[in-house]
Every structure is written in structure tokens, then in C-alpha cells.
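This briefing walks through one protein model, going from the whole chain to single residues. Please keep the structure in view while reading, and look up each element as it is named.

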Amino acid sequence: MKNFISYIALFILASTILSACQKGKDLESPGFGKLNITSSFAADANPLLVQIDGETKDTLTFAKQGISGLPVKGGKRRILLINQANKQIITDTTVTIEIQNTFTLPTFLYTGTAALFDDVTAKPAQDSMLVRFVITDPALPNNMNIELILTDFGGTRLPLSNKKISSIRKDKFSSFIQLPNPASLLPEGTDPTFFYYVIEGFDPANGNAKVMSIDEGSYSYVLDFETFSTYTPNAVISLGIGAPQGDPSHYPSNIFRRIVK
């Protein structure tokens, strides 16, 4: 009888352990995948709510800029990123979550009014680089046209007729412009050592008046700040045209950068 009671006790214990393991497994994976989010925050940006299919799952802040391994039900899921303070929808996207796999959103910069994603797959032509822009200076127009020229800052200016982009904005990146080695655009025999690409900005809502110009000392270099050069072959660079730093000149911030092999 004693042995029978012992067998019953062991059976109940084994059943309890098996049941607990099964419940843990149910909680961990069946029908679920995981979501990773990596961002960088402007210092004054409000917290960002992460909402999935209408339910707030987490909050990103300047102190907590990423989420790792968030359980999400498999299938097509609608993800909203919402400014917590004013309820503005910053991003509205639908992604497919695969069961027991991890989906990672492209890295993005959150400015407080926009999420700028590093979702680039473009490649530059040989011996060229690709550059795109976004306006991060609040004092500049919400939409701006830009032209790129070459200058040596000694009075030589070389306009480039095909190096223009219309409607540079504050809420998303522009299209890419391809920039070859400046030496290939200079007259034969010209020393390319001190020639730089310079951005000139125009306000289309105000008669295309210049708002950023080398003539007025408010020019903006096109620089790859990783190497502090005006040109890096095979680079794909996303630049933010920010507020002047200590003088009237705008120096683009290097938001995203990669070298394509």
C-alpha cells in the first residue's frame, strides 16, 4: 500500500511538472515571433509609444531607445509609433511576423516629428557616392530646393546643372543624388585638392529666394564626417541639414552612413 501511494504521488508530481513545462512553452512561442526596434533619439524628443494592432506594448524614450525580443503574434501586424505628448502618428506600417522568428525594424532616428529610417538598398555607380538630405534646422523652410556647386573658397565657383534636388523636407529623406569624385567635374589642369561640394538652399514658397548660400556665409558643406572629406567613393550617406554651429555656416550631420562593396 505504501508503494502504491508513492507511485500515485510520483505520477501527480510528474503530471504537474509536465503541465507547467507545457504552459511555459505555450507562453513562450506557439503562434508568436519577436520584434526588435533600434532607434536614436533627438535629446528633446517626446517619448514614443509602440502600438501593435491598436494595443500599446512599450514606450521608447531618450533613456530607453530600443526594444529587444518583444513577443508579437505571428502574421501581418500593424505597428504604430506615436508621439506620446501630442498623439501624432510618427510611423504607420504593416509587417509580417514569422512564428518563432525575430523581425527587426530598420534603425531610425526619431526627431520628435519624424522617424527617419535607415532602409537604404541603393548602390552608387563606380567611383561615386550617393547622398540624400533631410532638414533638421527649425529655422529653415519646411520645404527647400537645393543645388550643389563646387568651390575652392578662393572665388572659384562651378555650378553643376544636374546636381539639384527639389523639395527637401523635415519629415523624411529626399531622393538620392549621385556625386562623383569632384576631380572628374573640374576643367582639365585644375588642382582638385581644395574643391568642395557646397549646398545652396532656396525657398520655393518665397520666390525661390536663397536661404542658404555661400554668398551670404550660410553655406553648407557636403562632408563625410567619418573621414572629414568632401568625397568618399562607394559611400551611401544620409545627411541632416542642421542649425549653424557657432557661426552662420550649416554643417550637415551624418545621420546614416555605409560603404558599399
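Two strands are said to pair if DSSP finds at least two bridges between them, and with that meaning in hand one can read the order β3-β2-β5-β6, an open sheet of four strands with antiparallel pairing. The model is a predicted one, and its protein chain has one helix and 18 strands.

**The chain as a whole**

- The protein chain has 261 residues, of which 40% count as buried.
- The accessible surface of the protein chain comes to about 14,200 Å², and 53% of this surface belongs to carbon and sulfur atoms.

**The antiparallel sheet**

- In the open sheet with the order β3-β2-β5-β6, the strands β3 and β6 stand at the edges and have a single partner strand each, so one side of each is left without a neighbour in the sheet.
- The twist of this sheet averages 25 degrees from one strand to the next.
- Strands β2 and β5 pair in the antiparallel sense over five bridges, and Leu48 has Asn83 in β5 as its bridge partner.
- Strand β5, residues 75-83, also pairs with β6, residues 89-97, in the antiparallel sense, here over eight bridges; Arg78 has Thr94 in β6 as its bridge partner.
- The hairpin of β5 and β6 has five residues between the strands, and in this hairpin Lys87 takes a positive phi near 65 degrees.

**The mixed sheet**

- A further four strands form an open sheet in the order β13-β10-β17-β18, and the pairing in this sheet is mixed.
- At its edges stand β13, residues 177-180, and β18, residues 253-259; each has a single partner strand, so one side of each is left without a neighbour in the sheet.
- Neighbouring strands of this sheet are turned against each other by 25 degrees on average, direction ignored.
- On one side, strand β10, residues 128-135, is joined to β13 by four bridges, and these two strands run antiparallel; the bridge partners in β13 include Ile177 for Val131 and Gln178 for Leu130.
- Strand β10 is also joined to β17, by six bridges, and these two run parallel; Ile135 has Ile241 in β17 as its bridge partner.

**How β10 is covered**

- How many residues of β10 are buried? The count is eight of its eight residues, so that the strand is mostly covered.
- In a regular strand the side chains alternate between the two faces of the sheet.
- Both faces of β10 are covered, with Ser128, Leu130, Arg132 and Val134 buried on one side and Met129, Val131, Phe133 and Ile135 buried on the other.

- Leaving aside residues up to four places away in sequence, Leu179 touches Ser128, Met129, Val131, Leu148, Lys163, Tyr197, Val222 and Tyr231.

**Positive phi values in loops**

- Most residues other than glycine have a negative phi, and the residues below can be read against that background.
- Asp53 lies in the loop between β2 (48-52) and β3 (55-60), and its phi is near 50 degrees, a positive value in a residue other than glycine.

Methods:
Residues numbered from 1 in each chain as written. Predicted model: local features only at pLDDT ≥ 70, side-chain atom pairs only at ≥ 80, totals over all residues. Heavy atoms only, no water. Axes fitted to C-alpha atoms, helices over the stretch in contact; angles between N-to-C directions. Contact = heavy atoms within 4.5 Å. Buried < 20%, exposed > 50% of the residue type's maximum accessible area, 1.4 Å probe, protein only. Areas by Shrake-Rupley, 256 points an atom, 1.4 Å probe, with all protein chains shown as cover.
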